[in-house]
Amino acid sequence: MDDLSDAVRARVQDHPCYSEDAHHYFARMHVAVAPACNIQCHYCNRKYDCANESRPGVVSELLTPDQAVRKTLAVAATIPQMSVLGIAGPGDPLANPQRTFETFRQLALKAPDIKLCVSTNGLVLPEYVEELARYNIDHVTITINCVDPAVGARIYPWIFWKNRRVFGHEAAAILIAQQQKGLEMLAARGILVKVNSVLIPGVNDAHLPEVSKIVKAKGAFLHNVMPLIAEAEHGTFYGVMGQRSPRPAELKALQDACAGDMNMMRHCRQCRADAVGLLGEDRGAEFTLDKIESMEIDYEAAMVVRAELRAQIAAELAEKRARAHAATATATPQVIKIQPQVAKSAPPVGRPVLMAVAAKNGLVAVHFGHAREFLVYEASASGARLIGHRRAESYCAGDESCGDAEAVLAATIRALADCEVVLCSRIGYEPWGQLEAAGIQPNGEYAMQPIEEAVMAVWNEMLAAGKLAVGQSTAKRA
């Protein structure tokens, strides 16, 4: 957020999908009104649904615009933190323009306090820029995985363009040109554009820094590099053919490489196309069609409650940001204790440390055994920096169960293998021992403390104990 202009920051600082701070406080939802798609991606299969899975294109119920509007009103009345409504599938919203824009038209009238967003592959985006502006949709996400048709031909087998299928290099060239044109048109209208890119090892990994430079030059304000999800059981081409997903260290390195030219988003959850709730949770099962039909919705009253809650959250976030700004201005680095042998005139030095946090609402507030995801922070002399998140469970591997406790614990430890510390509100004896054996130090001393403050407190403790000498090996003992 610090690298954004004041005008852009004001428009996104309370948007959970764009602001690392806001995603702890504000909720979002997607409505699945757009079934058709006009391109085929090797990483996509929209026909699969599992209640335990989170990935783009997955939905449980396809909605009509009327159903989507009623569901949105029901969610917003029940979850007053819900501030953003997006259409992201399960196909492409702009390949379903009548359904998409009818939904937006109704919501602009019935729920004027909700931000409206759309995600698109960009193939027909230039045709709809004016209509997007008409409905005050000031946030658009475009998935741009490449700017080179040779790379694109390895990602997109075909597109549907001007009433025919186009294949290979030609298809990729058309898609890329349309994406770039649409991006420029949106930027010219003052519509904020976030670019999503899927990191595919061996396909576009070396190419994505160039993508980042180009989309920034054309007006995108944020770049979200996401890891490929390529499990064979999902039935995607990449999954079936054995294309691997990137390792966490590869994703971080690529995001860091792109960050020199573009503001990077690192808290994306790759949400389902019918996701409901705070990022990292999904309350969609509470709002199925049969359940919302029986709900009594007084949205006028709900807007009053929502406005009061937003004001409360805004004040809390403003105070938090002011404290962070003051700390940065008065202390470089954020260190509370240094080794006696360090000269007073020399700034304390310590290597960066990755820490996993079982978090909720911006606090270290989740029992290790109950965590379904961990936020991963890099702590250093410059402060705490969110670099991503790790799911605590593997994707559903069976009809009735997603694995026993031992398998889940082993999978969690593998997911946190590059972290040196895990912070949680509580933790049992058995996982504590297994984490320590894997070289990960559990810490339950900062329960209900703000994440960044807890992370920096632990980093300072490690610094004071002499564990963070630059160049010191971070290899974990077996």
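**Entry 1: rings.** I began with the aromatic side chains and found that ring pairs link F101, F104, Y128 and Y135 into a cluster. For a pair I took rings of Phe, Tyr and Trp (its six-membered ring) with centres within 6.5 Å; planes under 30 degrees apart are stacked, over 60 edge-to-face and the rest tilted. This is a predicted model, so I kept local features to pLDDT of at least 70 and side-chain atom pairs to pLDDT 80 or more, while totals for chains, interfaces and linings use all residues. Residues are numbered from 1 along each chain as its sequence is written, and side-chain values use heavy atoms, leaving out hydrogens and water.

My search of the whole structure gave five aromatic pairs. One of them joins F101 and F104 edge-to-face, at 6.3 Å centre to centre with 65 degrees between the planes. Both sit in helix α3 (residues 97-110), three residues apart, about one turn of the helix. Helices here are DSSP runs of H or I, at least four residues, and strands are runs of E, at least two, numbered from the N terminus.

Are F101 and F104 buried or exposed? Both are buried (under 20% relative accessible area, with exposed over 50% and partly exposed in between, for a 1.4 Å probe and protein chains only).

**Entry 2: a charge over a ring.** I also looked up R165, whose charged end sits over the ring of W158, 3.9 Å from its centre. The cut-off is NZ of Lys or CZ of Arg within 6 Å of the ring centre and within 35 degrees of the ring normal.

**Entry 3: helix α9.** Here I noted L251, K252, L254, Q255 and C258 as buried. They lie on the same side of α9, because they cover an arc of only 165 degrees around the axis, taken from the directions from the helix axis to the C-beta atoms.
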